[in-house]
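Please read the points below with the model open. They cover strand pairing, salt bridges, confidence and a few backbone angles.

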Amino acid sequence: MPTTMTSDEIRESFLSFFESKNHLKVASSSLIPVGDPTLLLTIAGMNQFKPYFAGLQEPPNRRLTSSQKCFRTPDIDEVGDATHNTMFEMLGNFSIGDYFKEEVISYALEFLTISMGLPKEDFAITVHHTDDEALNLWVQAGITKDRIFKFGDTDNWWGPPIHGDEGPCGPCSELHYDFGQNRGCLKQDCKPNCENVMKSKEKCTRFVELWNLVFMQYYHHPSGERSPLPAPSIDTGMGLERLTIIMQNAETMYETDIFKSLIQKIEKLSGVKYGQSLDNDYAIRGIAEHSRSCTFLTTDGVIPSNEGRGYVLRRVIRRAIRLAKKIGIEGQFLKELSSEVTNKMGVTYPELIQHKEFVQTVLQLEEEKFEQAFENGLNMLQSSLENVSELSGEIAFKLWDTYGFPIEMTEEIAIENNVSVDLVSFQSEMEKQRNRARSKSQFKDDNAKLRIYDSLGIGTTKFLGYETTTNQSVVVGLLSNDVSVDKISVPGNSVEILLQETPFYSEGGGQVGDTGKIISPNCEIEITDTQQAIPGLTVHYGKIINGTLSVGESVSAEVDPQKRINTGRNHTATHMLHAALREVLGDHVRQAGSLVTSERLRFDFSHFQALTEEELWNVQHLVNQKIRHNSEIIKGEDTYAEAIRRGALAFFGDKYEENVRLIEISNGTTFSFEVCGGTHAARTGELGTVIILNESSIGSGMRRIEAVSGEAAEKMIWEKTITDSKISQLLQTNPSQIEDRILALIQQLEQSNNEKSKLESELSILSAESLLNETYEINGFKIISSITQASSQETLRNMGDWLKDKIQNGVVCLSAVINDNPIVIIVASKDPIEKGVNCSDIAKKIASILEGGGGGRADSAQAGGKNSNKLQDAIALVPNIIQEQLNAK
């Protein structure tokens, strides 16, 4: 048996091995894929290298290696068994058109047998049934043929058409580790990819798929045609968790050092011992795995929500809460477990330490939110599962909508009770709330449009915008209606223009793309937006004003200078707000998004509660204090790794080149230091002033500030000054006393209204008293039906109730014209109602005469209409209506 190694030692040994083979070690990218709309979350080590494999970017080295944090969602509801997990680390080595099958097979066996000390006899290999080349190479490397197994596309093919419709693809070869005949299903036919079930009712674990070697040697076209790649490449992935199981001779990943401290903490919180009950072990494993995965997701900027990545996080958190309840954990627990994750993995992933406070706050808020509804929802679900074979989609939707139960959780609980869920009707209910539907529609493949840009063969556009806002250039591409053309000439038509070099800044980092004009002797085009179609390729979107433009023509590219200046000021303002927020609120604050235009700015950041008035003032005051210092804004460049080492802040989720642009605001002491490719002011004094307009919530643990700077701030101050001046003139006071004056007027108005109400009440009683003289009788009941005056419906009703109390045994019908409309109220005491009087029926008959509507209860009703001229006729009918009702009884 090889020497036992910790998971950290295994990771480091892998990376060091491949560094010794001239591979460049690359840090793990975020779990949020950058620049890849086809992915919800990072699912493999090669995701961050896609631009290299696709030829869109030049790799820093042809040989790369990494330990990549990954997250896969299909198995969330299976987590807790011996094999499934969501978040894992993928060890990988990659060749971008360098070495191929022979070398990668040799490297894999050398690492496992020499560095890890594992015997070749313990390995079993799977290959694609068409890949005899790989089979022979394994045999040459020392693997006997009886240990090599052929499988089809499902198991041993990577990429299209199995996954997607287009792109690089090829066969793959998987290296399995065999734990021996005494492990797993114990059956004679056991082999890699065994589907047999063990006595524990779990899937066979004798063979573990350890290392997948992908041979990217073809390009699959949408037509189905497959052509050889000019430079075949290698993409490999090996789960650190699985290799650790082998190196530590553990039954599952949960008995390794990766999860050991988490398992112990859960035992302590629950009082349940791990290893004594399969049901309890399932829950403990699920809680441990989910607490680790939600910590990593939140660290990388995912916030719980009802769509996209946020929905995945919410599912994981809420499933962990449910499993915790099953083993007796009461109250909040994720904060403690998240701390354990950070303690274990913070050295390898320092972002866990950096964002620890933020992560714990987000998890705590989500726990609180679900805790309040969980018990009620669970009680409803359990009662709904009694004596049924299928749970209705309507109930499943109510659990989702009212109690926050992810449908997958509802389905999992239902299955545990041998009940299915009507997912069709559930989805029907979901369709009615499209705005809350989950994310996959947001992650669309746009390969067709990308192929158009790629087919132009332009490569990249040189950006000159840091130094100038105008330059001479040459048109190298034109697109009209998504078709490449040589010439455009129809005024008003939209066009996409590609230049050799450009001063136009393409949208990025929250800053909008530049606008302006592209002019030639023969043509003028208004540019309305600038974007990067593919990395490095700038596209100018515009409309033809006049003339004709052709590919190859020399043009003058002219950015709108004032918009650029104002946009640059606002971009600098976002950096200053970021720095001020961190200084006032704490280092847990970090950018979560931004919008920078020439008119305004918006800055999204992580914080768990609304800012107080004092905090907002302190942030704004600090920013403007730095503006008055007229600090220098230093632009520079460095490698990304060195920039981070020097303390530069980078926006989470963004992917950066090896060399990055840095923006530092300093006046002897650094105030702000960020990685940023946007345009900025030269000194802070150019901003004039920054004014915060609004601060609000945009989700759990996320806040948003909207602000203006420069000319927009000046204009806002002037407009406010003019407005205050006009208001002060109207109020006959000075601007500094507007608030006091308004409060005094409100107080006077309230006093006047109270006096008015009191007077109206007294007058209504006097008026009501006079109506007592108009009382008449029908069948022994006292009746009052009259037209009077009242300022409001409330006054009229109060009069009616007063009269009803006075006559004690009868019916009161009062009417008045209020706001030009006839209003009638009818009230009756108990005795006439028992004899057949119904106020609602009286109101309806009166309303028909008044050309309106009416109704209510037997003892109280109201009618109204449009024709006040008919009011006298309507009231005259009341005695007859009452007489008819009494006679009918």
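1. Strand S2 and its neighbours. Nine bridges, written as 9 bridges in the count, join S2 to strand S3 (residues 87-95), and the two run antiparallel; strands are said to pair if DSSP finds at least two bridges between them. Within this pairing, Ser 67 stands opposite Leu 91 in S3. Strand S1 (residues 24-25) also pairs with S2, in the parallel sense and over 2 bridges, with Lys 25 opposite Thr 65. Helices (H or I, at least four residues) and strands (E, at least two) are DSSP runs, numbered from the N terminus.

2. Basis of the values. This is a predicted model, in which local features need pLDDT of at least 70 and side-chain atom pairs count only at pLDDT 80 or more, while totals for chains, interfaces and linings use all residues. Residues are numbered from 1 along each chain as its sequence is written, and side-chain values use heavy atoms, with hydrogens and water left out.

3. Burial of S2. Strand S2 (residues 63-71) is largely enclosed by the rest of the structure, because 9 of its 9 residues are buried. Buried means under 20% relative accessible area, exposed over 50%, and partly exposed in between (1.4 Å probe, protein chains only). Arg 63, Thr 65, Ser 67, Lys 69 and Phe 71 point one way from S2, while Leu 64, Ser 66, Gln 68 and Cys 70 point the other way; both sets are buried.

4. Confidence. The chain has an average pLDDT of 89, and 96% of the residues score at least 70; pLDDT is the predictor's confidence in each residue, from 0 to 100. Confidence is highest in helix H1 (residues 7-20), at a mean of 98, and lowest in helix H16 (residues 447-455), at 67. Over residues 434-445 pLDDT stays under 50, and the model has 25 contacts for them beyond four places in sequence, a contact being heavy atoms within 4.5 Å.

5. Helix H1. The 14 residues of H1 should span 20 Å at 1.5 Å a residue, and this agrees with the 20 Å between its end C-alpha atoms. The expected span is 1.5 Å times one less than the number of residues. Ser 7, Ile 10, Arg 11, Phe 14, Leu 15, Phe 17 and Phe 18 are the buried residues of H1. They lie on the same side of H1, because they cover an arc of only 155 degrees around the axis; the arc is that of the directions from the helix axis to the C-beta atoms. After H1 comes Asn 22, with a positive phi near 65 degrees.

6. Salt bridges between separate parts of the chain. The count comes to 35 salt bridges, each being a side-chain nitrogen of Lys or Arg within 4 Å of a carboxyl oxygen of Asp or Glu. In one of them, the closest N and O atoms of Glu 133 and Lys 101 are 3.1 Å apart. This pair links helix H4 (residues 132-140), which holds Glu 133, to helix H3 (residues 101-115), which holds Lys 101, across 32 residues. Glu 133 is partly exposed at 44% relative accessibility, whereas Lys 101 is buried at 2%.

7. A loop-to-loop salt bridge. Glu 251 and Arg 183 meet at 3.8 Å, N to O. Glu 251 is in the loop between helix H6 (240-247) and helix H7 (260-270), and Arg 183 is in the loop between strand S7 (167-178) and strand S8 (207-220), so the pair ties together parts 68 residues apart in sequence. Glu 251 is exposed, at 54%, and Arg 183 is buried, at 13%.

8. Hairpin of S26 and S27. Strand S26 (residues 659-666) and S27 are antiparallel and joined by 5 bridges, and Glu 664 has Phe 673 as its bridge partner in S27. The hairpin has 3 residues between the strands, and Gly 668 takes a positive phi near 95 degrees. In strand S27 (residues 670-675), 5 of the 6 residues are buried.

9. Positive phi in loops. Asn 193 has a phi near 65 degrees, positive in a residue other than glycine, and is placed in the loop between S7 and S8. Gln 732, also not a glycine, has a positive phi of about 55 degrees; this residue is in the loop between helix H20 (710-731) and helix H21 (738-771). Asn 193 is partly exposed at 23%, and Gln 732 is exposed at 70%.
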